[in-house]
Amino acid sequence: LLGGEPVIDFELNLYNGIGPEEKKSVEDVMDSGLLSGFYGNWGNEFYGGPKVRELESNWSKKFKVKHSVSVNSAASGLTAAVGAAKISPGDEVLVPATSMSATVMAVLTYGGIPVFVDLDVSNCCIDLIETKNKITNKTKAIIVTNLFGHIAYLSELRSICDEKKLILIEDNAQAPLGEEDGKYAGTIGHIGIFSLNYHKHIHSGEGGVCCTNDDDLALRMQMI
């Protein structure tokens, strides 16, 4: 970075994570003639086709949550989560000062007011003290981004939200399988959002998954 001798002085080989198993899975879906399998009307297909539900079931088992709701992107997942939290025009939502734009746009979609909170220099995530100071009687939720693989002080943030009757939403696109006290990041808040975008740890070209242990929040996200 500062003009010194590079540690790696050769070009790294590109990694291709798509192999025979992935190709066969895609072909099996194509041969079935059924892609997502979602129907807009109420019924069993409202929850998607067998492969969609298989993904959600496996995700719930891996991350030890009650509900996993697949979405077409983590940005859509954030929008669904904020809607499930019942954010309305004029409601304030605390957001980190550094994050992808979708973290804030999800709030603006419902007419909410994003209130920016500075970062903790130790982990690049939302600062606990300033979070407490920014809460007002208009605050309805907090969105925390687990950034650059670092995890915010999630348990403490959850305690604050439970005390203040706020919804804690984890934007966990950058810290899948991170843990705090034996619990996975993305499962400590009321809702956690994971990304399956091209440049994330696990990718399907696009996509995302929302996790929650709350039946009502899960249903609201599925409806959105």
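Visitor: Which residues does Asn123 touch, not counting residues up to four places away in sequence?

Guide: A contact means heavy atoms within 4.5 Å, and by that reading Asn123 touches Leu147, His150, Ile151, Ala152 and Tyr153, once residues up to four places away in sequence are left out. This is a predicted model, in which local features need pLDDT of at least 70 and side-chain atom pairs count only at pLDDT 80 or more, while totals for chains, interfaces and linings use all residues. Residues are numbered from 1 along each chain as its sequence is written, and side-chain values use heavy atoms, with hydrogens and water left out.

Visitor: Where is the place of Asn123, and is Asn123 buried or exposed?

Guide: Helices (H or I, at least four residues) and strands (E, at least two) are DSSP runs numbered from the N terminus, and Asn123 sits in the loop between strand 3 and helix 5 (128-134). Buried means under 20% relative accessible area, exposed over 50%, and partly exposed in between, with a 1.4 Å probe and protein chains only; Asn123, at 6% relative accessibility, therefore counts as buried.

Visitor: What does the side chain of Asn123 reach?

Guide: A polar contact is a pair of N or O atoms within 3.5 Å, one able to donate a hydrogen and the other to accept it within protein, where residues adjacent in sequence count only if both atoms are side-chain atoms. The side chain of Asn123 reaches the backbone nitrogen of Cys125 at 2.9 Å.

Visitor: Which backbone nitrogen lies 2.9 Å from a polar atom of the side chain of Thr139?

Guide: That of Thr136 does, and Thr139 itself belongs to strand 4, where its relative accessible area of 4% makes it buried. Beyond four places in sequence, Thr139 touches Glu92, Leu94, Lys134 and Leu166.

Visitor: How many aromatic pairs does a search of the whole structure find?

Guide: Rings of Phe, Tyr and Trp (its six-membered ring) pair if their centres lie within 6.5 Å, and planes under 30 degrees apart count as stacked, over 60 as edge-to-face and the rest as tilted. The search of the whole structure finds 7 such pairs. Trp42 and Tyr47 form an edge-to-face pair, 6.1 Å centre to centre with 65° between the planes. The rings of Phe46 and Tyr47 have their centres 5.3 Å apart and their planes at 85°, so this pair is edge-to-face. Trp42 is exposed at a relative accessible area of 60%, Tyr47 is partly exposed at 29%, and Phe46, at 13% relative accessibility, counts as buried.

Visitor: Which residues do ring pairs link into a cluster?

Guide: Trp59, Phe63, Tyr184 and Phe194 are linked into a cluster by ring pairs.
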